[in-house]
Amino acid sequence: MNTKLKLLILSFLILINSSILAQEIKEENQISPEQEELDQFFMLMSMAMTYKFWQKEAINKRGANIGAILVDENGKIVSHGLDSEFVLGNRTKHAEMVTIESYFIRTQKNNLEKLTLYSTIESCAMCAGALTFKKLERDVYGQKDSIFGNAFQRLQYNSSEDENGFQPYPDKVELMHSEISEIKELEKLHEEFDWENKALRDFLVSKPVEAVFEKAYEKFFIFNPIYPENKEIIENARKYFQQL
Ligand SMILES: [Zn+2]
């Protein structure tokens with residue numbers, strides 16, 4: 001075989017291979033419409049739960065108005081948590097930490113494989129670190145945090161080509177930013193908020209933010225699934241909610 005022909009065949013093979021790879025990456029990040037519906041519902045639920053235990057003051061109560069829910073691969077809720085920094089006297093008790101700690105203590109399991117975490121706000125470095133280290137499968141987050149966010153992505157960042165660079169963290173959490181309208185509204189309010197001498201917890205007690213969470217709370221009860229397979233999951237989630 002002449003060299004020209006060999007090169008032609010080789011480049012053809014590379015082309016096919018890279019298109020298969022591109023397809024695989026695309027499929028990895030694709031979720032079914034049924035799952036998308038559940039993601040919307042559980043995001044509403046984490047907001048509804050936060051609203052149910054709404055804190056009107058930014059400090060010295062339970063904690064900030066942030067909530068999280070942990071759901072297994074069958075759509076069953078296995079844990080939940082609210083930011084409890086003040087009531088527990090420990091400023092590391094973010095909603096995600098409270099949720100997974102309670103799960104680990106109750107189940108005595110060692111990891112979060114096959115589980116999805118829904119949180120009303122994007123995780124900080126501490127929570128993203130714990131969730132990644134404990135092999136969470138998916139993380140669906142609400143409001144983006146422009147300062148402390150992108151923590152999962154930072155762990156996944158590959159800088160090995162740079163001098164003193166490093167490989168990404170060995171475990172990777174599948175990430176999804178919720179696009180429900182209430183989250184978009186929160187992000188708009190976040191942009192418009194007067195941040196002078198204010199922290200995130202101050203933003204999360206403001207009246208316009210409370211109104212958005214109230215809307216999510218109302219929607220949670222009337223959410224009507226299109227996909228019949230989600231009906232029972234949603235009914236069970238509402239039963240779980242009533243017992244909170
Ligand atoms: Zn955190």
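Which residue just after H3 takes a positive phi? Select Gln 108: its phi is about 60°. This is a predicted model, where local features need pLDDT of at least 70, side-chain atom pairs count only at pLDDT 80 or more, and totals for chains, interfaces and linings use all residues. Residues are numbered from 1 along each chain as its sequence is written.

Now select H3, residues 95-107. Helices (H or I, at least four residues) and strands (E, at least two) are DSSP runs, numbered from the N terminus. H3 has 13 residues and reaches 18 Å from first C-alpha to last.

Colour its buried residues (20 or more other C-beta atoms within 10 Å of their own, placed from the backbone; exposed is 12 or fewer, partly exposed in between). They are Ala 95, Glu 96, Met 97, Val 98, Thr 99, Ile 100 and Tyr 103. Their cover includes strands E1 (67-71), E2 (77-82) and E3 (116-121), and helix H4 (125-133).

Show H4 next. H3 and H4 pack at about 30°, axes 9 Å apart. The two helices are therefore roughly parallel (angles under 35 degrees). Contact, meaning C-beta atoms placed from the backbone within 7 Å, is made by Glu 96, Met 97 and Ile 100 of H3 and Cys 127, Ala 130 and Leu 131 of H4.

Last stop: Ile 59, in the loop between helix H2 (33-52) and E1. Ile 59 is partly exposed, because 13 other C-beta atoms lie within 10 Å. Ile 59 touches Phe 86 and Arg 201, not counting residues up to four places away in sequence.

Note on methods: The expected span of a helix is 1.5 Å times one less than its number of residues. Two residues are in contact if their C-beta atoms, placed from the backbone, lie within 7 Å. Axes are lines fitted to C-alpha atoms, for helices over the stretch in contact, and angles run from 0 to 180 degrees between N-to-C directions. Angles under 35 degrees count as roughly parallel, over 145 as roughly antiparallel, 65 to 115 as roughly perpendicular and the rest as oblique.
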